[in-house]
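I opened my notebook to look up a few points in this model. The entries follow in the order I took them.

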Amino acid sequence: MSEEMSGAEMVIRALADQGVKHLFGYPGGAVLPIYDAIFAQDKVQHILVRHEQGAVHAAEGYARSTGKVGCVLVTSGPGATNAVTGLTDALMDSIPIVCITGQVPTHLIGNDAFQECDTVGITRPCTKYNYLVKRIEDLPRVLHEAFHIAASGRPGPVVVDIPKDIQFAKGIYSRPKDFAHTGYRPKVKGDLDKIKAAVELMAHAKRPLFYTGGGVVNSGKHASELLRELVKLAGFPITSTLMGLGAFPAADPQWMGMLGMHGTLEANMAMHDCDVMICIGARFDDRITGRVDAFSPGSKKIHVDIDPSSINKNIHVDIPIVGDCAHVLEDMVRLWRTGAKHADKKALGDWWKQIDKWRGRKSLAYRASNEVIKPQYAIQRLFELTKDRDTYITTEVGQHQMWAAQFYRFQEPNRWMTSGGLGTMGYGLPASVGVQLAHPKSLVIDIAGEASVLMTMQEISTAVQYRLPVKIFILNNQYMGMVRQWQELLHGGRYSESYSEALPDFVKLAEAYHAHGIRCEKPGDLDHAIREMIDVDKPVLFDCVVDPKENCFPMIPSGRAHNEMILGDAAETLDEAITEQGKVMV
Amino acid sequence: MNAPTTSHYPAAPKAQKQESHTLSVLVDNEPGVLARVIGLFAGRGYNIESLTVSETEHAKHLSLITVVTTGTPMVIEQIKNQLDRLVPVHRVVDMTLAGNSIERELAMVKVRGKGEHRVEALRLADAFRARVIDATTESFVFELTGASSKIEQFIALMLPLGLIEVSRTGVVAIARGPEGMSSPQK
C-alpha cells in the first residue's frame with residue numbers, strides 16, 4: 001500500500017487513515033501546501049477557527065466528548081505560539097491532541113526567517129512529545145506515531161512541526177506497522193498482587209471512600225461502567241475531582257458530590273476522616289489536597305494511575321497500582337466477586353450515618369432571591385430544563401465553573417468539558433464548537449462568565465459559519481468573580497482590576513455576529529428565557545445578569561485542611577483565618 | 001508552623017534531608033533528547049550536580065546520560081518517574097540505590113609554577129596516578145581519572161602549587177556484574 005505523494009498530501013492522507021473527520025485550523029504561509037491538499041479531497045473537513053488557541057480548545061472539546069484524538073493545523077511562528085495555551089491545557093488535563101504546525105523551509109531554520117519560531121523548543125515542555133520532521137522519509141512514520149503517542153498511555157498533545165520544503169517534497173507513503181520508539185510502552189495492566197492487596201484492604205475498611213478523577217473518563221466508557229459496578233458492589237461512598245465528573249452518576253445515593261477547594265462538605269470531611277481511600281485516575285492535585293501535611297491523616301491509600309510519575313508526587317500512598325483504570329477496575333471487580341468479598345456492614349452503616357450528618361449541613365445551600373438571579377439558581381434551572389435532553393456542558397474558568405460543577409448533576413462521562421489543570425479562561429466557547437461538531441444533534445452549552453468568554457469571543461463567528469448552534473450561557477456578574485472573591489476574602493476587599501468595566505451589550509454582540517442574543521435579569525423570567533435559548537436553532541449568547549456579589553462556597557480556606565471548610569453562611573468568620581503571610585505565593 | 005496563609009496554594013514543605021543520587025538514563029540518540037532531559041530538570045526545579053552524555057550504541061542509536069542529582073527521597077523518585085515517561089527514554093536506573101555500581105570521572109588539571117612547586121606537583125601527580133599530557137617549562141596539564149572525591153582531593157592539593165584551571169567530564173557510572181542497561185527486560 002505504498003504510494004508516492006507530496007509531504008502535504010501525506011499529512012491529509014495520514015489523518016484520513018487515522019479516521020480523522022474534522023481538522024481545526026487556520027492557514028498561513030508555512031502550511032499553504034497542506035491547505036492545497038485539503039482543497040483536493042473531501043475525507044477530512046477543515047474547520048476554520050478565528051484564532052489558533054480556539055483551534056486547540058475546539059479540538060480538546062471534540063476529543064473529550066468523543067474519546068477520539070482531536071486534530072489541529074496551524075502555521076509557523078504566531079500560529080504555533082498562539083496554540084501554546086491550548087497545548088498546555090491539553091497536557092495538564094491529559095487530552096489527546098495532534099497538532100500539525102508549519103515551519104519555515106529547513107534551510108531557513110535558525111535564520112530568524114519570516115514567521116519563524118523554535119516551535120519544538122517552545123512546545124517541548126507543553127506537549128507529551130513533539131517532532132521536527134526534516135526528512136520526507138520520516139513523515140509517514142512520525143504522523144502515525146504522533147496519533148499513537150497522543151492517544152495511548154496517559155493521553156496528551158503531540159506536535160508535528162513540518163517545514164514547508166518537506167510539505168512540497170515527494171516521498172513514499174505507507175502506514176507503518178510498528179513504532180520506532182521502543183522505549184515508549186505504557187503499562188496498562190496493573191500488578192495483580194497489588195490489586196489483590198488493594199481489594200483485601202477494601203474488604204476490611206471501616207470508613208472507606210472512592211476518590212476518582214479524569215483518568216476514569218480518559219480510560220473510556222467501559223471504565224465508568226466498571227467503576228459503577230465496583231462502587232455498587234462495595235457500597236462505599238464516592239467523590240470525584242472536577243475532571244472526573246460524570247464517570248459516576250450524580251443522582252446516585254452513593255455520590256457525595258465533588259471534592260476539593262469548592263467541593264461539598266461531605267466529600268471533604270469524608271476524605272479527611274476515611275480509613276481507606278481508593279484513588280482511581282486522579283492525581284492528588286493541590287486543589288484537592290489542601291494542606292498536604294493534614295491531608296487525610298488516618299487513611300491507607302490506594303492509588304491507581306497509568307502515569308507512574310503521578311504516584312507519590314504530592315501524597316505518599318500505601319498501595320500504588322500503575323495501570324489503566326479500566327484494566328485495574330476490571331481486575332478489582334473480578335477479585336471482589338470471586339473472593340466473595342463483603343464490606344464490614346456494621347462499620348459501613350455507621351460511616352454512612354456520619355456522612356448523612358455532613359450532608360445535613362447542606363453545604364451548597366445559598367440564599368434564594370426573588371429580586372436578582374442567583375448564579376446557583378441559574379445553573380439549577382439550566383440543569384432542570386436540560387437534564388432530559390442529550391446535553392453536553394463546557395465551561396470557562398472561575399466562579400461559574402465551580403457552580404456548574406456543584407449544581408449541574410452529570411450522569412454520564414464525556415458530557416463535561418472544562419479546563420481543570422491549567423484553568424484557561426476562554427476555553428469553553430471554542431470547546432463547545434468542537435463538541436457541537438462531534439455531536440451535531442445534541443444540545444451543547446458553554447456555561448460561561450462574562451470575563452472569560454470575551455477572551456475567545458471571536459469563535460462565535462466559527463460557530464455561525466458552520467451552523468453550530470452552541471449556547472453560550474453567560475453568568476454575567478460584571479466581575480472576574482473568582483478574583484473578586486479572593487480579593488474580598490483574602491485581600492481586604494481591595495478589588496484591584498477585577499471589575500469588568502465597559503462590557504459589551506451581549507445581545508447586540510450576538511446580533512453583530514449573526515447569532516441570537518437573549519438577556520435575562522429577573523429570576524421569574526429565567527425558565528422562559530432558557531427555553532428560548534434551547535429552541536433557537538442558532539448559536540446563542542445568553543446574557544444572564546446575576547447577583548454581582550455572590551461568592552462560591554463551600555471553600556477550603558488557604559492553608560487549611562479538609563475538615564476546616566467554610567460554608568456560605570459562615571463566610572464572615574473567615575477573617576480570623578487571614579494573615580498577611582503568604583500573599584506573595586499566589 | 002502551619003499558619004493559615006492568604007495564598008490559594010499549599011505552603012512549601014518543611015526542609016527535608018537531601019540525598020545525592022547518580023542516575024543512568026538510556027535514551028534514543030535523536031535530536032533534542034538532551035534538551036528534553038535538561039528541560040525537565042529546569043522546568044520542575046530539580047538539581048543537576050553533574051551531567052555526561054554520549055552515544056554508547058551506535059547501531060541502536062542509543063545514548064547514555066549519567067546525571068548526578070540531589071533531592072529528598074520523594075523528589076528522587078519523582079525525577080526517575082518523570083524521566084521514565086519521556087518518550088525517547090528507554091530506561092532509568094538509580095545507580096546509588098542499586099548500590100553495586102562504579103562511578104568515575106576524568107579531569108584535566110593545569111598547574112603553573114617553577115622550582116620546588118613544580119617538583120612537588122609532579123610527585124603528587126605520581127601518587128594519584130595522574131598522567132602528564134602537556135608540559136611547558138612553566139606548566140603541566142595532568143590527566144586524572146577516579147571517583148569524584150579523589151579528583152576533589154587532587155585539585156585541593158594542586159591549589160597552593162599554582163592551579164590554573166580544571167576541566168572535568170562529570171560522573172559516568174556502570175553497574176558491576178554481567179547485566180547491561182540495554183539488555184532485554186523481564
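**Entry 1: two backbone angles**

I looked up His514(A), which counts as exposed because it has 12 C-beta neighbours inside 10 Å. I note that this model is predicted. His514(A) is in the loop between helix H21 (506-512) and strand S19 (516-520) of chain A. Its phi is near 65°, a positive value in a residue other than glycine.

I then turned to Ser94(A). Its phi is near 55°, again positive in a residue other than glycine. Ser94(A) sits in the loop between helix H4 (78-92) and strand S5 (97-103) of chain A. Is Ser94(A) buried or exposed? Ser94(A) counts as buried, because it has 26 C-beta neighbours inside 10 Å.

I wrote down why I looked: most residues other than glycine have a negative phi, and most peptide bonds are trans.

**Entry 2: a cis bond**

I checked the peptide bond from Phe553(A) to Pro554(A). That bond is cis, with omega near -5°. Pro554(A) is in the segment after strand S20 (540-545) of chain A.

**Entry 3: nonpolar cores**

I asked which residues have the most contacts inside the largest nonpolar core. They are Val72(A), Ile97(A), Val98(A) and Val160(A), in a core of 205 residues. Helix H6 (residues 139-151) of chain A gives the largest share of this core, seven residues.

Another core, of 12 residues, lies apart from the largest one. Its members include Ala121(B), Leu144(B) and Ile151(B).

**Entry 4: helix H5 of chain B**

I met Ile151(B) again here. The buried residues of helix H5 (residues 148-158) of chain B are Ile151(B), Phe154(B) and Met158(B). They are on the same side of H5(B), because they cover an arc of only 60° around the axis. Ser149(B) and Ala156(B) are exposed on the other side of H5(B). I also noted what the buried residues pack against: strand S5 (101-112), helix H4 (116-127), strand S7 (139-146) and strand S8 (163-168) of chain B.

**Entry 5: two domains of chain B**

The domain assignment of chain B gives domain 1 (19-99) and domain 2 (102-172). Their C-alpha centres lie 29 Å apart. Six residues of domain 1 of chain B are in contact with five residues of domain 2 of chain B. On the domain 1 side, strands S2 (50-57) and S3 (62-71) of chain B each give two or more residues. S2(B) gives the most, with three residues.

Notes. Residues numbered from 1 in each chain as written. Chains lettered and ligands numbered in written order. Predicted model: local features only at pLDDT ≥ 70, side-chain atom pairs only at ≥ 80, totals over all residues. Buried ≥ 20, exposed ≤ 12 C-beta atoms within 10 Å, placed from the backbone. Helix = DSSP H or I, 4+ residues; strand = E, 2+ residues; numbered from the N terminus. Arc of directions from axis to C-beta. Contact = placed C-beta atoms within 7 Å. Domains from an automatic or database assignment. Core = buried A, V, L, I, M, F, W, Y, C linked by C-beta atoms within 7 Å.
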